[in-house]
Amino acid sequence: MESISRISNLLESARELTLDAAQAARSSRSTTRSLPPAQLKKLLDSRNDREVLDGLRRVISMMYRQQKTLTYFSSVVKNVASPNLEIKKLVYIYLIHHAEQEPDMALLSINTIQKSLSDANPQVRALALRTMSGIRVPVISQIVSLAIKKGVVDMSPHVRKAAALAIPKCYRLEPSTLPQLLEYLTTLLGDKQYFVAGAAVNAFMEICPDRIDLIHKHYRSLAKKIVDMDEWSQLAMLRMMSIYARRCFPRRVRSSKTNNKSADLQDFYGEGAPEPASEEEQVVVLDPDLVLFLNAIRPLLQSRNAGVVVAVARCYMDIGTPEYAKASVGPLVALLRGAQDIQQVALYNIVSVCLAHPESFVKYASHFLVRATDAAPVWELKLEVLALIFPHSPLQTKSLILNELEHFSRGTNKSLVREAVRAIGRCAQADPATAPRCMRLLLGQITSLDGTLAAESLTVIRHLIQQDPQGHVGTVVRLAKNLDSATDPQARATIIWLVGEFAGPNSDDNIAADVLRILLKDFADESEIAKRQIVLLAAKVYLHHINRETETQESGDKSQDQPPPNSEEHPITRLWNYVLLLVRYDTSYDLRDRTRLYKALLSVPQLATLMLLAPKPAPQAPSPSETRKGFMLGSSALVLAGGGGVHGLRGYEPLPDWVQEGREPDPKLRGQYIGRSEYSDEKRAVPAAQMLGDVSNQGVRSNGLGAATAAGTGAKTLDDWLAEDEEEEQAEDEDEEGEEEESEEEEEESEEEESEEGDEEDEETDEELDDSKAELEGFLNG
């Protein structure tokens, strides 16, 4: 009978599994087809768990398709007491979604959810706690707080994790519960399970990120658990530890002298000449607890999550040393193998690190070569990185970068051409040794039919000429010869400005007047931007003419009786008058106003000289990402360059400043550290003579030979050392003899004790025999 019942149970379970599989397959195909409300309500009110589950799935599907499901609230909520875990999960999801709309109905299910907190299944307890904290009804805030209190001391780590995640929800529901929640949070931060501690850190960063006093005693345990936490917890931990380090570890710097080894060797042999004191280098000294954290997060550089890698790099940049920052360069470059959106965000962070440590990216130069499939933001950032690492690269890499930029400067993409030419200019400014080659590349492109390429090339050439005007006089003449072939208005305006700025002062090779004469022939056909520069060129040429005539008159070379020449008949004066006449009938009011300004200014030559002929500072072409300096890695403000506006992005909070030395918390709050407990110098090489001197001056010798005299090792003779050895041998022999005598005495005492115990045992056995004999005789006589 037992076997028959077992077989029937197996058949029943198999039937249920088959029906469940069929129902799941049917529901996956037909869930999208909505049922009439009456039929759906009938499924929810059924006593069959399979039908209730089907009805709940349809309701949840309707809910996420933005259909009205509030009418089924009562039918759904009454299933909250179902023992079926799948039904309970779906009811909880529905309840969290609609609790705010029906708070009175939701409160009716609180008692049932509270009972689930005592369920034997930890999954049910965690689910009940998560649901209770997700019901956004302020009336139950104290109930939620009590539920969290119960979950904090639960035996299951999953329930404790749910309690940690419920703390921020309870705080948002009722901020007045903060004192109670801080007690629970302090307990959870010290939890032995890493995923519970990670959830507690998330809660800490959300409700009280400034309460670093809660972290002191858990600092080291949290630093050791960070490797095992999930990615979200790791991000919160890295952010929290960065703030903690800034507020608890002062930035201490010590100076170390850089020694010259060759000079030291010469001094050793007495051949070295006296040299001035070596320069001192400032070295950052890290607290051992900070070193513990920085070393603990090093494995996270191999994380599969790009956000974690960027967060570790941010920690190394903000609270570490340059050595730690350089260790994050390789993992950051490895992010370029990811998707295109990850590449773009990774490049923003790479450029930010490259601005501080460009030499660390030199060996990865090939990773920043532009590909045909790269989007515009990606290749813009790649060109920027190539320009940043250019001055720190070897000759082979520099040649590779310039060839790459030259190739893209001749492409068809106007935006790419413009950025490539600008990158060439930044390379030339950063490394003057390669400026001639960059100039040759740019001069070969000013005759291009592409107006964008010619204009950008001339702009960069103007920047380079302004840095060394005397060395590029011939370049200005060459540009003036190419003025007829230049068709782009911006390119023509740039050449005209260069001619007026650098080809006018010397009267011997002054080509400015001839260039002006040629340009005035087609003045009416020029663009407005070129007309402005022609008028400025005419004003400068006329001002130079006025200054030369003034110098000639003041020199006194000419006789006082000779009448001065008629300045109105001079060709330059006639050119200036012709320009005034042309502009008078021009349609541009801006050009007419400028010309009247120059005419009035030239009436006072001294003032005009100060305004028009003053030396201009050489323009600098900084990296486009210079505006992003100061923003934290991984932040939206870094990607958006502050977000624009006066206040930038809302919600961005920079790291606090380093705590001042003497105001940091007591390190003993973090417990006793095994190892160095204070800032100390790094291990350095000590000469052998110094080591011997230190040993000779010590009061007690480490090898047990006795106390040394203050005179050093040379104060004792060989006889003294031999006498000490003999005394030590005699003392050892006496000690051995004393130990042998003590062992013999102990053996004799143990033998005496054994003999006494044997005598006592014999006496006891004799007495027992006498008693047994007396009893036997009494029995026989009786």
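**Exercise 1. Identify the residues that make the nonpolar surface patch of about 400 Å², and describe the setting of Leu610.**

Solution. 
Step 1. The patch is made by Val604, Leu607, Leu610 and Met611. A patch consists of residues with over 30% relative accessible area and no salt bridge, with like charges joined within 9 Å and nonpolar side chains (Val, Leu, Ile, Met, Phe, Trp, Tyr) within 5 Å. Accessible areas come from the Shrake-Rupley method with a 1.4 Å probe, and for residues only the protein chains shown count as cover.
Step 2. The model is predicted: local features need pLDDT of at least 70 and side-chain atom pairs count only at pLDDT 80 or more, while totals for chains, interfaces and linings use all residues. Residues are numbered from 1 along each chain as its sequence is written, and side-chain values use heavy atoms, with hydrogens and water left out.
Step 3. Leu610 belongs to helix H32, residues 605–612. Helices (H or I, at least four residues) and strands (E, at least two) are DSSP runs, numbered from the N terminus.
Step 4. With a relative accessible area of 63%, Leu610 is exposed. Here, buried means under 20% relative accessible area, exposed means over 50%, and partly exposed lies in between (1.4 Å probe, protein chains only).

**Exercise 2. Describe how helix H9 packs with helix H10, and how helix H30 packs with helix H31.**

Solution. 
Step 1. Two packed helices are described by the angle between their axes and the distance between the axes. Axes are lines fitted to C-alpha atoms, for helices over the stretch in contact, and angles run from 0 to 180 degrees between N-to-C directions.
Step 2. H9 (residues 141–152) and H10 (residues 157–173) pack at about 155°, with axes 9 Å apart. H9 is therefore roughly antiparallel to H10. Angles under 35 degrees count as roughly parallel, over 145 as roughly antiparallel, 65 to 115 as roughly perpendicular and the rest as oblique.
Step 3. The crossing of H9 and H10 is left-handed. A crossing is left-handed if the near helix is turned anticlockwise from the far one by less than a right angle, and right-handed if clockwise.
Step 4. For H30 (residues 571–584) and H31 (residues 589–602), the angle is about 150° and the axes are 9 Å apart. H30 and H31 are therefore roughly antiparallel, and their crossing is left-handed.

**Exercise 3. Examine the salt bridges Arg160 with Asp191, Arg304 with Glu231, and Arg594 with Asp590.**

Solution. 
Step 1. The structure holds 25 salt bridges. A salt bridge is a side-chain nitrogen of Lys or Arg within 4 Å of a carboxyl oxygen of Asp or Glu.
Step 2. Arg160 and Asp191 meet at 2.6 Å, N to O. Arg160 lies in H10 and Asp191 in the loop between helix H11 (178–189) and helix H12 (194–207), so the pair ties together parts that are 31 residues apart in sequence. Both residues are buried.
Step 3. Arg304 and Glu231 meet at 3.2 Å, N to O. Arg304 is in the loop between helix H16 (288–296) and helix H17 (306–319), while Glu231 is in helix H14 (residues 231–248); the two are 73 residues apart. Arg304 is exposed at 79%, whereas Glu231 is partly exposed at 22%.
Step 4. The closest N and O atoms of Arg594 and Asp590 are 3.3 Å apart. Because they are four residues apart in H31, Arg594 and Asp590 are separated by about one helical turn.
Step 5. Arg594 and Asp590 also belong to a network of salt bridges that links Glu528, Arg532, Asp590 and Arg594.

**Exercise 4. State the phi of Gln66 and where Gln66 lies.**

Solution. 
Step 1. Most residues other than glycine have a negative phi.
Step 2. Gln66 is not a glycine, yet has a positive phi of about 60°.
Step 3. Gln66 lies in the loop between helix H3 (49–64) and helix H4 (73–77), and is exposed at 72% relative accessible area.
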